[in-house]
Amino acid sequence: GEDVEQSLFLSVREGDSSVINCTYTDSSSTYLYWYKQEPGAGLQLLTYIFSNMDMKQDQRLTVLLNKKDKHLSLRIADTQTGDSAIYFCAERGGGSSNTGKLIFGQGTTLQVKP
Amino acid sequence: EAQVTQNPRYLITVTGKKLTVTCSQNMNHEYMSWYRQDPGLGLRQIYYSMNVEVTDKGDVPEGYKVSRKEKRNFPLILESPSPNQTSLYFCASSPLGGGHTEAFFGQGTRLTVV
């Protein structure tokens with residue numbers, strides 16, 4: 001079945017880069033997503049990548065996709081204390097058909113130390 | 001403003017007392033779903049709906065019901081809540097169709113069943 005795995009915790013110093021990793025099993029996934037959840041809030045879409053891309057950059061965020069290894073990463077440059085949150089990797093279930101379903105990883109709690 | 005609204009945000013109830021968590025979206029989205037978030041497990045889909053009067057089970061449907069009488073509303077019903085349904089619940093909506101579609105999430109409902 002479809003499965004998404006993430007490590008649970010990452011701690012970095014303010015100003016350093018953060019790299020959050022994710023692996024998935026569904027080779028037919030067309031879109032892969034990164035969501036951010038701040039304390040007491042819902043999920044906010046950070047960025048996404050289409051499966052035929054290797055990399056996507058959006059300001060401080062860089063997404064790398066290794067489709068062969070089914071590995072996705074999110075790099076946050078110059079990490080700030082405001083980046084402290086839970087980050088979820090998700091794939092859109094159903095392969096190329098848009099069923100609307102998202103399959104989430106466990107979430108990685110990013111702690112940014114001043 | 002495009003949004004998904006859940007109510008209530010917080011709820012403490014006793015075992016066996018029926019409850020309903022409401023969800024409403026103002027974006028005319030076809031697809032709506034409910035997720036529960038538990039530590040170390042990420043978000044898991046409970047039920048989803050592809051359109052009015054069309055609902056189906058997600059990955060963890062036991063103990064829950066839903067209805068979709070109108071496009072904008074998708075309530076989650078717990079007929080006889082049990083302590084193992086203590087969790088953080090999220091409603092989400094998105095359009096259907098090819099290409100990237102963004103899912104919008106409500107702010108969450110923290111439910112405690114004692």
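**Close-up 1. The largest pocket in this predicted model comes in at about 470 Å³.** Its lining is made up of 28 residues. If you want to find the middle, look for A:Gln37, A:Ile86, B:Gln37, B:Leu88 and B:Arg110, which lie nearest the centre of the largest pocket.

**Close-up 2. Here is the lining of the largest pocket, by strand and by residue class.** Chain A brings in strand E9 (85–92), while chain B brings in strand E4 (31–38), strand E9 (87–94) and strand E11 (109–113); each of these gives the lining at least two residues. Sorted by class, the lining of the largest pocket has 13 polar residues, eleven nonpolar ones and four charged ones.

**Close-up 3. The second largest pocket has a volume of about 220 Å³.** There are 17 residues around the second largest pocket, and those closest to its centre are A:Ile103 and A:Phe104 from one chain plus B:Leu41, B:Leu43 and B:Arg44 from the other. Class by class, the second largest pocket is lined by eight nonpolar, six charged and three polar residues.

**Close-up 4. Chain B has an open, antiparallel sheet of four strands, ordered E1-E3-E8-E7.** At the edges sit strand E1 (4–7) and strand E7 (65–66) of chain B, each with pairing on one side only.

**Close-up 5. Now for the pairing of E1(B) with strand E3 (residues 19–25) of chain B.** The two run antiparallel and are joined by four bridges. Across from B:Gln6 you'll find B:Cys23, which belongs to E3(B).

Key: Residues are numbered from 1 along each chain as its sequence is written. Chains are lettered from A and ligands numbered from 1 in the order in which they are written. This is a predicted model: local features need pLDDT of at least 70, side-chain atom pairs count only at pLDDT 80 or more; totals for chains, interfaces and linings use all residues. Side-chain values use heavy atoms; hydrogens and water are left out. On a 1 Å grid over the protein atoms alone, a cavity is a set of points where a 1.4 Å probe fits but cannot get out, and a pocket is an open set with protein on both sides within 12 Å along at least five of seven lines; lining residues have an atom within 4 Å of a point. Grid points are joined across faces, edges and corners, and a volume is the space filled by probe spheres set on the points. Ala, Val, Leu, Ile, Met, Phe, Trp, Tyr, Cys and Pro count as nonpolar, Asp, Glu, Lys and Arg as charged, and the others, Gly among them, as polar. Two strands pair if DSSP finds at least two bridges between them.
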